[in-house]
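I set out to record what I looked up in this structure, entry by entry.

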Amino acid sequence: MSPSDVQLSEHSKEFHFVLVTAGSDLLDWATLDALYEAGCGDATIGNDTVEFTRSAATRDEALCSAMRDVESVPGVSVLRIEFDDGVAGRT
């Protein structure tokens, strides 16, 4: 489910984070199109990063939906999540 599929309530907040990725070239036109179609229209795409400001009820919901959207693109995987207050690894 992408952010456009979810009705946001008055309890939604915006969360800012960066997903550092591996795999496919994110700046390839086909990959950019796939990321947009997967629901990453609220992200800024870099060489190996997808920077989000995502609205959700909780930080976990924002992170899970963003990771699900990014990893639904063939060849793209999330290595780690970066926050303004630190880095969370992925096991």
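Entry 1, terms and basis. I took buried to mean under 20% relative accessible area, exposed over 50%, and partly exposed in between, with a 1.4 Å probe and protein chains only. I took helices (H or I, at least four residues) and strands (E, at least two) as DSSP runs numbered from the N terminus. The model is predicted, so I noted that local features need pLDDT of at least 70 and side-chain atom pairs count only at pLDDT 80 or more, while totals for chains, interfaces and linings use all residues. Residues are numbered from 1 along each chain as its sequence is written, and side-chain values use heavy atoms, without hydrogens and water.

I looked up residues 59-71, which form helix 2 with 13 residues.

A nonpolar core is a set of buried Ala, Val, Leu, Ile, Met, Phe, Trp, Tyr and Cys residues joined through side-chain atoms within 4.5 Å. In the largest one, of 21 residues, I noted that Phe17, Leu19, Phe52, Val70 and Ile81 touch the most other members. Strand 1, strand 3, helix 2 and strand 4 each supply at least two residues of this core; helix 2 gives the most, with five. Leaving out residues up to four places away in sequence, I listed the contacts of Phe52, among them Phe15, Cys40, Asp42, Ala66 and Val70.

I counted three salt bridges, each a side-chain nitrogen of Lys or Arg within 4 Å of a carboxyl oxygen of Asp or Glu. Arg54 pairs with Asp42, the closest N and O atoms being 2.8 Å apart. This pair links strand 3 to the loop between helix 1 and strand 2, 12 residues apart. Arg54 also pairs with Asp69, at 3.0 Å between the closest N and O atoms. Asp69 lies in helix 2 and Arg54 in strand 3, so this pair ties together parts 15 residues apart in sequence. I recorded Asp42, Arg54 and Asp69 as linked in a network of salt bridges. Arg54 is buried at 1% relative accessibility, Asp69 is buried at 3%, and Asp42 is partly exposed at 25%.

Conventions: The expected span of a helix is 1.5 Å times one less than its number of residues. Contact means heavy atoms within 4.5 Å.
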